[in-house]
Amino acid sequence: MNALARAAAACAALPLLLSTPARACDDCGDDTAAADTAPPVRKKLALVRVQAAAPSSLPTNIPTTRETVTREDIERSINATDAEDALKYLPSLLVRKRYIGDYNHAILSSRASGTGNSARSAVYADGMLLSNYLGNGVGGLSFPPRWGLVTPEEIERVDVMYGPFSAAYPGNSVGAVVDYQTRMPTRFEAHAKLGHTVQPFELYGMKATYRAWQASASLGDRAGDWSWWLNVNRTDSEGQPLTFATRLASTGTPGTGGPVVSGAVMLPNSSGQPWYLLGAATQYRTRQDHLKLKLAYDLSPGVRASYVLGLWRNDADGNAASWLRDAAGQPVYRGSLAADGKEYINIDGKQFAAPTGADFALTRERLLHVMHGLSVKSRSGGEWDWELAASRYDYRGDDKRQNAANNPQPGAWTGGPGTLADGSGTGWLTLAVKGVWRPAGTGHVVDLGLQQDGYTLRYRTSVIAGNYLSDGPGALASAVQGRTRLRAAYLQDAWLPAPDWKAVLGLRAEHWRADDGRTDFSATGTPPPSVYAPRGETFLSPKAALSWQAAPELLLKASLGRAVRMPTVAELYGATSTTNAQYINDPGLRPEKSWTAELSAESAWGALQSRLTLFAETTRDSLYSQTVFDATANRNVSRVQNIARMGTTGLEATLGAADWLRKGLDLSASLTYTDSRIKANAGFVAVPGDTVGRWQPNIPRWRATALATWRLDQHWSASLAARYSGRQYRTLNNSDVNGFAYMGVSKYATADLRLLWKPDRQWSAAFGIDNLNNYNYWNFHNYPQRSYTAELKFDL
């Protein structure tokens with residue numbers, strides 16, 4: 001608590017923060033953003049009765065922390081190549097994006113949820129679920145939000161609500177709720193954009209330049225009661241290598257077995273142990289196509305029907321290269337057979353297990369995902385408004401081909417044995433009936449609704465004996481399947497008990513069920529398949545919030561909420577095993593239960609806005625997937641488990657100013673202190689008790705953002721931003737003492753630059769640099785180094 005007190009003093013003395021200076025006020029009667037140049041104004045507390053056509057799907061009457069990024073903010077201040085970049089400078093948020101188009105590891109973290117817990121945040125687009133609750137994190141399979149279903153060019157605004165304080169959302173909202181609102185035109189519009197990014201890369205002696213190309217086009221119009229929007233986007237991206245083949249120095253034995261090789265790099269690993277890096281792997285070339293079609297029809301002046309179709313296709317090739325060289329200078333991808341029947345290589349006079357196809361794997365992924373959304377919504381502002389909504393996300397095609405361990409390069413480039421993993425048939429379906437009741441003469445606004453979310457996992461891995469690049473599936477290697485379903489009813493009442501007070505009480509009732517769980521390990525039934533019995537549980541989650549306009553320039557807010565995060569299908573049933581990774585499931589996992597609270601003070605003095613928030617969270621039966629490297633098996637092993645209790649307390653300070661010191665200069669910044677520790681855990685990593693008192697993985701003690709934008713005139717603007725994150729750990733026992741290594745999690749301090757030129761209202765060009773100071777930092781994988789971006793855009 002002394003540390004927290006010191007943090008409070010630091011935050012009070014250095015009130016850094018926030019978001020962009022002009023943003024919506026969640027306690028005001030108007031839910032639309034202020035004009036770009038207008039200073040923020042605190043209005044008298046009121047209940048929001050009417051929303052525009054679709055300013056946000058987030059609740060407007062809950063007095064809790066909210067942040068907003070607008071289309072203008074993105075265009076002026078952010079080198080946005082993917083939808084998640086819009087969140088880049090918001091307080092306490094981080095998306096683990098490793099390259100442009102990152103589709104399998106870009107997980108959102110928040111105040112008390114790290115980058116390994118994708119199921120502890122909720123991401124939506126136009127109210128449709130993008131978060132992937134089929135699993136959590138990236139153990140075995142990967143489950144980040146489906147960012148590719150939104151492109152930066154179609155974003156109108158992004159709203160973020162911190163914490164599980166709305167009864168309208170499941171317990172996955174415990175970290176944050178993110179809602180992307182995309183464009184829907186009121187007149188004819190046409191847009192086109194071209195972008196190019198260059199990343200000169202240098203690490204461990206390798207040098208290369210990686211590039212990305214992007215092109216997008218949009219059309220939209222409104223005619224009478226009809227409106228429509230069409231957006232297409234193409235991304236062709238090269239990422240830097242993300243994984244490395246390794247051998248612990250301690251596993252070498254004296255001997256002369258195997259060819260003598262050079263090129264291995266010895267460095268300490270994340271635990272401080274010396275190991276050899278033999279080469280680089282998981283260097284992606286990804287080609288993604290996106291199509292979004294939105295249709296809307298006004299059935300009456302107060303009722304609108306909407307349909308959304310989203311298509312996302314991804315062709316991704318993962319490549320690898322050995323640094324090892326033989327006496328003739330040729331690359332080495334395997335060793336020579338010794339008398340004991342094993343293959344070895346010789347490094348520095350010691351023999352080591354020879355590389356296999358798993359060390360330098362080649363992967364070929366072909367994905368086609370389809371999203372449908374349909375809604376009918378009234379927005380009369382009268383005594384009753386209602387909404388019917390349904391969405392479907394479908395893994396229409398989801399194939400991953402990989403060479404086998406006994407099929408190393410260079411032969412693997414043209415074929416040979418391998419595996420085919422097929423996830424088609426996987427997806428989720430959401431249904432909702434929502435209402436808003438404003439009983440006449442009572443001053444109350446009541447939100448209520450019924451929801452059902454269903455998730456289906458189907459993942460089959462087959463052995464291919466012939467050509468893994470082209471042949472169909474062969475004998476079964478493994479198969480996992482299962483379903484979960486969440487049915488919920490919620491009720492939430494907001495009212496003004498006094499002129500300067502707003503109160504909200506809510507209750508969410510949920511019934512969760514898991515069934516159809518099965519894991520097969522071979523085509524012969526040996527070992528026999530695991531078939532799991534159905535499960536079901538019921539939970540209640542109360543919510544409460546209160547705000548007080550203590551003075552015209554001062555607003556005080558308090559929020560409290562319970563969240564129950566249910567186990568996902570993959571955590572329960574998704575045991576997977578490949579040549580270089582294994583995931584161990586647990587069908588008996590308990591749901592994760594959290595109580596979260598926050599106290600905030602917000603002030604506005606002319607063009608200056610600030611906020612200080614104290615937050616706290618206690619989580620019981622926390623669901624955690626931990627990945628460790630098994631040197632004997634030479635692969636990563638992930639295991640999911642419940643941790644008895646975790647506790648988090650922290651302070652978040654924000655500050656924003658429009659036209660600060662001179663007209664056109666806008667500043668925003670944030671500073672967050674977090675103390676997040678494991679309080680109780682019957683499990684352990686190495687010895688009993690070695691995790692108790694340790695830091696929660698992937699939660700830094702300090703983090704900060706700062707953004708300065710200077711609107712020089714109507715044609716030019718320049719932005720300079722900075723982000724900082726302190727020391728983190730990846731393991732539950734905090735044994736990864738070296739963050740600046742493969743599989744480590746390091747601190748970082750980076751700066752970004754953006755220059756925008758708009759010669760007229762139709763044309764614009766931008767130049768940007770991300771990671772301006774070329775900081776080399778890690779989160780298991782290495783983040784991008786200094787990258788240069790150029791954009792050309794046309795708007796009609």
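Visitor: Is Y532 buried or exposed in this model?

Guide: Y532 is buried, since its relative accessible area is 17%, and the term buried applies to anything under 20%. Please keep in mind, as we go on, that this is a predicted model.

Visitor: Which ring does Y532 form an aromatic pair with, and how are the two arranged?

Guide: By the rule used here the structure has 31 aromatic pairs. One of them joins Y532 to Y573, with 5.2 Å from centre to centre and 20° between the planes, and this pair is stacked. Because Y532 lies in the loop between strand 26 (530-531) and strand 27 (535-551), while Y573 belongs to helix 3 (residues 569-573), the pair ties together parts that are 41 residues apart in sequence. Y573 is buried as well, with a relative accessible area of 1%.

Visitor: How are the rings of W716 and W757 placed?

Guide: Their centres are 5.7 Å apart and their planes stand at 20°, so this pair is also stacked. W716 is in strand 36 and W757 in strand 37, 41 residues apart, and the pair thus links distant parts of the chain. Both residues are partly exposed, W716 with a relative accessible area of 36% and W757 with 37%.

Visitor: How should I read the two faces of strand 36?

Guide: In a regular strand the side chains alternate between the two faces of the sheet. In strand 36 (residues 716-725), the covered face holds S717, S719, A721, R723 and S725, whereas W716, A718, L720, A722 and Y724 make up the uncovered one.

Visitor: Which strands pair with strand 36, and in what sense?

Guide: As a general idea, strands of a sheet pair through backbone hydrogen bonds, either parallel or antiparallel. Strand 35 (residues 702-711) runs antiparallel to strand 36 and is joined to it by nine bridges, and the two form a hairpin with four residues between them. Within that pairing, A704 has Y724 as its bridge partner. Strand 37 (residues 748-757) also pairs with strand 36 in the antiparallel sense, over ten bridges, and there the bridge partner of S725 is Y748.

Notes:
Residues are numbered from 1 along each chain as its sequence is written. This is a predicted model: local features need pLDDT of at least 70, side-chain atom pairs count only at pLDDT 80 or more; totals for chains, interfaces and linings use all residues. Side-chain values use heavy atoms; hydrogens and water are left out. Buried means under 20% relative accessible area, exposed over 50%, partly exposed in between (1.4 Å probe, protein chains only). Two strands pair if DSSP finds at least two bridges between them. Rings of Phe, Tyr and Trp (its six-membered ring) pair if their centres lie within 6.5 Å; planes under 30 degrees apart count as stacked, over 60 as edge-to-face and the rest as tilted.
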